[in-house]
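Hi,

Here is the structure I promised to pass on.

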Amino acid sequence: MSAQLQPGVPAGTATVMRAMAVADLDTVLAIENQAYAFPWTRGNFTDSLAAGYRAQMLVPAASRRGDLVARPCLGYYVAMPGFEEMHLLNITVRSDHQGQGLARQMLAELASSSLDQGRNTLWLEVRPSNERAQRLYRQWGFLTVGMRRGYYPHDHGRREDAIVMRLNLPRSQEAAHGLD
Ligand SMILES: CC(C)(COP(=O)(O)OP(=O)(O)OC[C@H]1O[C@@H](n2cnc3c(N)ncnc32)[C@H](O)[C@@H]1OP(=O)(O)O)[C@@H](O)C(=O)NCCC(=O)NCCS
């Protein structure tokens with residue numbers, strides 16, 4: 001059984017990112033199950049961690065619970081490395097902390113860590129019905145480059161297409177998003 005959501009933090013609290021571990025998955029799944037009609041399973045996360053995908057959690061930069069591991073998770077992402085590219089598989093902000101710029105912070109960290117590793121293309125899929133996420137990605141400069149038919153599960157056993165988006169990350173893009 002998954003844990004309940006941990007208490008949140010005030011909007012505007014400074015944050016840092018840390019690596020996700022198997023021990024975090026109760027916390028992560030509590031957020032995941034709130035965020036999606038078709039959430040990732042524990043197995044999806046453990047497989048991603050076992051495969052060495054980049055999995056990062058956003059936590060308060062400081063907290064009365066000083067230990068980094070004990071700080072509440074505000075959001076997370078999972079990305080699969082490829083040849084000179086990263087494929088963003090999951091990015092989620094807990095529901096009571098959405099609209100505070102936290103996804104933008106995580107995208108900035110993904111972009112800068114990808115560039116550090118010589119990966120200058122980001123890929124992702126998004127549901128056509130997820131206008132909020134599309135708006136975030138478009139703001140970030142992602143372009144629609146294709147469509148995967150019937151990619152996602154949908155209600156009543158139906159399937160939903162996926163919009164495929166790509167972002168090329170030249171060094172100048174880092175500056176454009178204040179990543180220097
Ligand atoms: C999509 C999601 C990751 C955005 O996270 P967030 O932290 O709320 O986003 P941010 O606060 O960083 O906002 C960045 C941009 O996203 C868009 N956005 C955020 N909240 C929005 C809202 N309520 N309505 C419309 N657009 C919104 C806007 O373009 C926003 O930029 P702006 O503030 O300049 O208008 C978050 O809503 C989420 O976790 N949703 C559920 C999981 C999900 O759909 N993940 C993406 C799967 S592809």
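**Around the ligand**

Sorted by class, the residues in the shell around the ligand are 8 nonpolar, 7 polar and 3 charged. For that sorting, Ala, Val, Leu, Ile, Met, Phe, Trp, Tyr, Cys and Pro count as nonpolar, Asp, Glu, Lys and Arg as charged, and the others, Gly among them, as polar. A quick word on what you are looking at: this is a predicted model, where local features need pLDDT of at least 70 and side-chain atom pairs count only at pLDDT 80 or more, while totals for chains, interfaces and linings use all residues. Residues are numbered from 1 along each chain as its sequence is written.

Back to the ligand: 18 residues surround it, and the closest are Val93, Gln98, Ala103, Arg135 and Leu136. The elements giving two or more residues to the shell are E4, H3 and helix H4 (131-139). H4 gives the most, with 5 residues. These labels are DSSP runs numbered from the N terminus, helices being H or I with at least four residues and strands E with at least two.

**The sheet**

How are the strands arranged? There is an open sheet of 7 strands in the order E1-E2-E3-E4-E5-E7-E6, with mixed pairing. Strand E1 (15-19) and strand E6 (143-153) are at the edges with a single partner strand each, so one side of each has no neighbour in the sheet. From one strand to the next, the twist averages 30°. H3 packs on this sheet and touches E1, E2, E3, E4 and E5, and its direction makes about 160° with that of E4. Axes here are lines fitted to C-alpha atoms, for helices over the stretch in contact, and angles run from 0 to 180 degrees between N-to-C directions.

Now for the pairs, where two strands count as paired if DSSP finds at least two bridges between them. Strand E2 (residues 54-60) runs antiparallel to strand E3 (residues 75-82), with 5 bridges, and Arg54 sits opposite Ala79 in E3. E3 is also joined to strand E4 (residues 85-93), again antiparallel, by 8 bridges. In that pair, Tyr76 stands opposite Thr92 in E4. Further along, E5 and E7 are antiparallel over 6 bridges, and Leu122 has Leu167 in E7 as its bridge partner.

**The core**

What makes up the largest nonpolar core? It has 32 residues, and Tyr76, Tyr77, Leu88, Leu110 and Leu122 have the most contacts inside it. Such a core is a set of buried Ala, Val, Leu, Ile, Met, Phe, Trp, Tyr and Cys residues joined through C-beta atoms within 7 Å. Two or more residues come from each of helix H1 (25-35), E2, E3, E4, helix H3 (102-116), strand E5 (121-126) and strand E7 (159-168). H3 gives the most to this core, with 5 residues.

Take Tyr77 as an example: beyond its neighbours within four places in sequence, Tyr77 is in contact with Gln56, Leu88, Asn90, Ile91, Met106 and Leu110. Contact means that the two C-beta atoms, placed from the backbone, lie within 7 Å.

Gly75 is in strand E3. Is Gly75 buried or exposed? Gly75 is buried, with 24 other C-beta atoms within 10 Å. The cut-offs are 20 or more such atoms for buried, 12 or fewer for exposed, and partly exposed in between, with C-beta atoms placed from the backbone. Gly75 and Val93 are 18 residues apart in sequence, yet their C-alpha atoms are 4.1 Å apart in space.

Ala19, in strand E1, is exposed, with 10 other C-beta atoms within 10 Å. Leaving out residues up to four places away in sequence, Ala19 touches Ala55 and Gln56.

Finally, the backbone. Most residues other than glycine have a negative phi. Glu84, in the turn of the hairpin that E3 and E4 form with 2 residues between them, has a positive phi of about 55°. Glu84 is exposed, with 11 other C-beta atoms within 10 Å. His156 also has a positive phi, near 55°, and lies in the loop between E6 and E7. With 4 C-beta neighbours inside 10 Å, His156 counts as exposed.

Cheers

How values were computed
Near = placed C-beta within 6 Å.
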